[in-house]
14 protein chains.
Amino acid sequence: MDPATWIAIASIVTAGLTIAIGSIGPALAEGRAAAQALQAIAQQPDASNTITRTLFVSLAMIESTAIYCFVVAMILIFANPFTGG
Amino acid sequence: MDPATWIAIASIVTAGLTIAIGSIGPALAEGRAAAQALQAIAQQPDASNTITRTLFVSLAMIESTAIYCFVVAMILIFANPFTGG
Amino acid sequence: MDPATWIAIASIVTAGLTIAIGSIGPALAEGRAAAQALQAIAQQPDASNTITRTLFVSLAMIESTAIYCFVVAMILIFANPFTGG
Amino acid sequence: MDPATWIAIASIVTAGLTIAIGSIGPALAEGRAAAQALQAIAQQPDASNTITRTLFVSLAMIESTAIYCFVVAMILIFANPFTGG
Amino acid sequence: MDPATWIAIASIVTAGLTIAIGSIGPALAEGRAAAQALQAIAQQPDASNTITRTLFVSLAMIESTAIYCFVVAMILIFANPFTGG
Amino acid sequence: MDPATWIAIASIVTAGLTIAIGSIGPALAEGRAAAQALQAIAQQPDASNTITRTLFVSLAMIESTAIYCFVVAMILIFANPFTGG
Amino acid sequence: MDPATWIAIASIVTAGLTIAIGSIGPALAEGRAAAQALQAIAQQPDASNTITRTLFVSLAMIESTAIYCFVVAMILIFANPFTGG
Amino acid sequence: MDPATWIAIASIVTAGLTIAIGSIGPALAEGRAAAQALQAIAQQPDASNTITRTLFVSLAMIESTAIYCFVVAMILIFANPFTGG
Amino acid sequence: MDPATWIAIASIVTAGLTIAIGSIGPALAEGRAAAQALQAIAQQPDASNTITRTLFVSLAMIESTAIYCFVVAMILIFANPFTGG
Amino acid sequence: MDPATWIAIASIVTAGLTIAIGSIGPALAEGRAAAQALQAIAQQPDASNTITRTLFVSLAMIESTAIYCFVVAMILIFANPFTGG
Amino acid sequence: MDPATWIAIASIVTAGLTIAIGSIGPALAEGRAAAQALQAIAQQPDASNTITRTLFVSLAMIESTAIYCFVVAMILIFANPFTGG
Amino acid sequence: MDPATWIAIASIVTAGLTIAIGSIGPALAEGRAAAQALQAIAQQPDASNTITRTLFVSLAMIESTAIYCFVVAMILIFANPFTGG
Amino acid sequence: MDPATWIAIASIVTAGLTIAIGSIGPALAEGRAAAQALQAIAQQPDASNTITRTLFVSLAMIESTAIYCFVVAMILIFANPFTGG
Amino acid sequence: MDPATWIAIASIVTAGLTIAIGSIGPALAEGRAAAQALQAIAQQPDASNTITRTLFVSLAMIESTAIYCFVVAMILIFANPFTGG
């Protein structure tokens, strides 16, 4: 088997596992933040604007770590600098 | 066994595991957010509109990490750039 | 052993594990959401309509990640694009 | 050993593990939902009709993920499309 | 070693693990439901009829996932369609 | 080594692990149910008859999953249909 | 190495692991039931007779799963039907 | 290496692991029961006789599962029926 | 296979796992901090400015550990000092 | 390598792991019992005699499982019946 | 394959895993400290200066363990004393 | 490689792991007991003498299991009876 | 491959894992201590001097175990006594 | 490869893992004790002298298990009695 095949296999497996493992943490964290936001709205309806805005900024920040993983997975599949090696 | 077979096997196994592992986090997170939303409605029925709207936006955000995994799995099965290697 | 056999074995094992692992998260999440909905009804019987409707929308959303896994498993068994390789 | 034997072994092992692993999540989720329903009845006996109805719909929804696993296991044992390969 | 032996070994090991792993979830779930039912009776003795009836229906539903595993294990030992292969 | 030896080894190991793993879930579940029953009696001594009766029915139901495992282990040791193969 | 040696090794290792793993669940369950019984006595000293009796019946039931494991371990060491094979 | 050596190695390793793993469950369970007993005495000093007696019976019952493991370990080291094989 | 291929494979797999594993901790930590911030706002709306500012500084600090991982992953893919070895 | 060396290696590794693993459970259990005893003294200083006495009896009982492990480790190192085999 | 390649591979894999594993603990710890700080501000707004200052000193101290890992990873990639071996 | 080298390697690895694994349980247990003692002093300062004395006796008892591990590790390094074999 | 290479690889991998694994415990412990200190300040602002001083002494003590790991990692990389072997 | 190299590799890897694993338990335990001490000071500022003194004695005792590990690691690196074998 030629080297390109090995690199292709490694890229495929790594890309899949990267996004799969990398989605666990952000998803759970977003679920926690969202759940707490809902509880906060129920507890203090008057502050729902502040709560919602803080929630969305936080979700974006958390989502960023998932996007790091997605970027790495996409790079490994479509823009892998080693596939020409 | 020729390289294409190895790449096919790696793609099949990776696609399956990606969506399988990648669905655990989002599912649990959505379950948590939904459960908290139901509790919030029971606690503050008057704010059910705000709660429901925030819930759906949050669910969509969480679902996005599952969709990343589904996209990668579909790419590996139907649009794998390495299968021509 | 010919390549088709290897691909068949990989597809069988992956299909089974995909739906098996992929059903853990959604099932637990649905159980949590349903349990909280029942508690919410007991706490606020007057809001049972809103609670039930929100519950069913949430269950459908959570179920979607299980369906992703089921779709991938079915594709691997009955519509595997690699089996002709 | 001929390919058919390998496929048979893979099918047997996968079918067993699929239903075994796949029954953990739904069983725990049903147990949680049922436990909460019983607590809800004890807390609000007057709403027992609504609670029981919501419980059964939820149990059916959760059971569906276990049935996905059972269906895949049965397909692998009795209607395996690869056994003719 | 002939193929029939391999299939026999795979069937034995899989049957045992299927029922062993598959009994963890239902047992824990039934224990949880039963424990909550006992607490519910202690809290609201007047509703013991409704509680007991709901408990038994729930136990039957949870038991069904254990029975799926038992059925698969029995099929693998006594009615294995691959043993003639 | 002849096939019968392999099947014997597989049967021995599987029988032991089946009953060992299979006794964890039921034991913990029975412990939970019994603990809750004792708490319920302390909380509501007047309902001790109903509690005790419900406890024993539940214990029998939970024990059934342990008995499935014990039955499979005994079949594998003393009535193994493959040992003649 | 002759088959009898392999079977002896498998029996020794399995017997040890069976009773070792199989004692975790019952021990923890008995500890939980006993702890709750002690708490129940402290809470309701007048019901100590009913509590003690229910505790001992429950402990016997839980102990039964440990005894299943002990029986299987003893059978594997002293009455192994495969050692003559 | 002769068979007796293999059996000796298997017996040594199994004996050690059996008592090591087998002491985790009973130790934790005894610790839990003892801790609860101490709390119960502090809560209800007048019932200390009943509590102490129930504690010692429970400790003896829990200790029995550790003794099963110790017996099996001793049998494997000093009275192993396979060492003459 | 030449050394450059091995180094490429090691770099691909390591880069993916680094960002995947390295995103779990920061994501969960950010989720926790954000959730607590939302609860704090609901509890003390007047201090929302201080809370939000402290939250963002903390998120930046936590994000830094994720960025360490992202930097290492990018170095391994695009600026690997060993690829010329 | 002669059999005595293999048995020596197995004995060394097993002795170390036995006491290492076997000290986790008793240590945690003693810590729990001691912690609860301290809390009980703080709650009910008048019963400190009964509490201390019950604590020491319990600690001795829990310590016994650690001593089982220590005995087996010492036997394997200094009085191993297999080293003459 | 020459030794330099092996050392390069070991350095790459170790550097990635070091920063990946090493970021989990500090991230979670910082998240916990930050979350508690936010709760403390909400509870005692007057002490927000002391709280914020203590928080930042603590975050710096916790971050130091992540920096140890980052330093080791950087040393392994860019200043590895073994690469000349 | 001669037997003495194998025994030396086994002794080194085992000694390290024994004290490493064996220090987890006692350390956590001492931490728990000490933490509870501090809480008890804060709750009942008048009983600080009894609490401190009971704490030190308990710490010594818990430390004994760590000392067992340290003794075994030292024996394996400096007084290993097998190194002459 | 010469021995120096093997020792270099072992040193690299061990140094990385030592600091990576060794930073988890201290980081979490410091986070816990810092979090509790912040809560303590919020609860008793008058004692902030004593709390802060005790916190810093404790953090230094906890940090010492991380420094042990860092020292060992540095010794393995820069002052390894075996590299001349 | 000569025996001295094998022993060197085993010593390096063991020394690193010993201090790495061995620092988890003491660090967490010290964190717990320190956290509780801070809470105790906040709850009972008048007893801060007794609390601080008891804390430092306890920390020293817990630190001792980490020092055992550090001693063993240092012995393996700098005073290994097997390196002359």
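## Chains L and N

Between chain L and chain N the count of salt bridges is zero, in a model that is predicted. The contact between these two chains draws on 40 residues of chain L and 38 residues of chain N, and the area buried between them comes to about 3500 Å², with carbon and sulfur atoms giving 81% of that figure. On the side of chain L, the residues that lose the most area to chain N are Ile12(L), Leu38(L) and Ile77(L), which together account for 18% of what that side buries.

## Chains I and K

For chain I and chain K, the count of salt bridges is likewise given as zero. Here 39 residues of chain I and 40 residues of chain K take part in the contact, and the two chains bury about 3500 Å² between them, 81% of it on carbon and sulfur atoms. Within chain I, the three residues Met61(I), Tyr68(I) and Phe82(I) supply 18% of the area that this chain buries against chain K, which is more than any other three residues.

## The largest pocket

The largest pocket has a volume of about 190 Å³, and its lining brings together residues from several chains, among them Leu28(E), Ala29(F), Ala29(G), Leu28(H) and Arg32(J).

Where in chain E does Thr54(E) lie? Thr54(E) belongs to helix α3, which covers residues 48-78 of that chain. Its relative accessibility is 4%, and because buried means under 20%, Thr54(E) counts as buried. Leaving aside residues up to four places away in sequence, Thr54(E) touches Leu38(D), Ile41(D) and Leu55(D).

## An exposed aspartate in chain J

Is Asp46(J) buried or exposed? Asp46(J) has a relative accessibility of 73%, and because exposed means over 50%, Asp46(J) counts as exposed. This residue is placed in the loop between α2 (24-43) and α3 (48-78) of chain J. Asp46(J) and Ile9(J) are 37 residues apart along the chain, and their C-alpha atoms are separated by 54 Å.

Key
Residues are numbered from 1 along each chain as its sequence is written. Chains are lettered from A and ligands numbered from 1 in the order in which they are written. This is a predicted model: local features need pLDDT of at least 70, side-chain atom pairs count only at pLDDT 80 or more; totals for chains, interfaces and linings use all residues. Side-chain values use heavy atoms; hydrogens and water are left out. On a 1 Å grid over the protein atoms alone, a cavity is a set of points where a 1.4 Å probe fits but cannot get out, and a pocket is an open set with protein on both sides within 12 Å along at least five of seven lines; lining residues have an atom within 4 Å of a point. Grid points are joined across faces, edges and corners, and a volume is the space filled by probe spheres set on the points. Helices (H or I, at least four residues) and strands (E, at least two) are DSSP runs, numbered from the N terminus. Buried means under 20% relative accessible area, exposed over 50%, partly exposed in between (1.4 Å probe, protein chains only). Contact means heavy atoms within 4.5 Å. Buried area is the accessible area (1.4 Å probe) that two parts lose on being put together, summed over both. A salt bridge is a side-chain nitrogen of Lys or Arg within 4 Å of a carboxyl oxygen of Asp or Glu.
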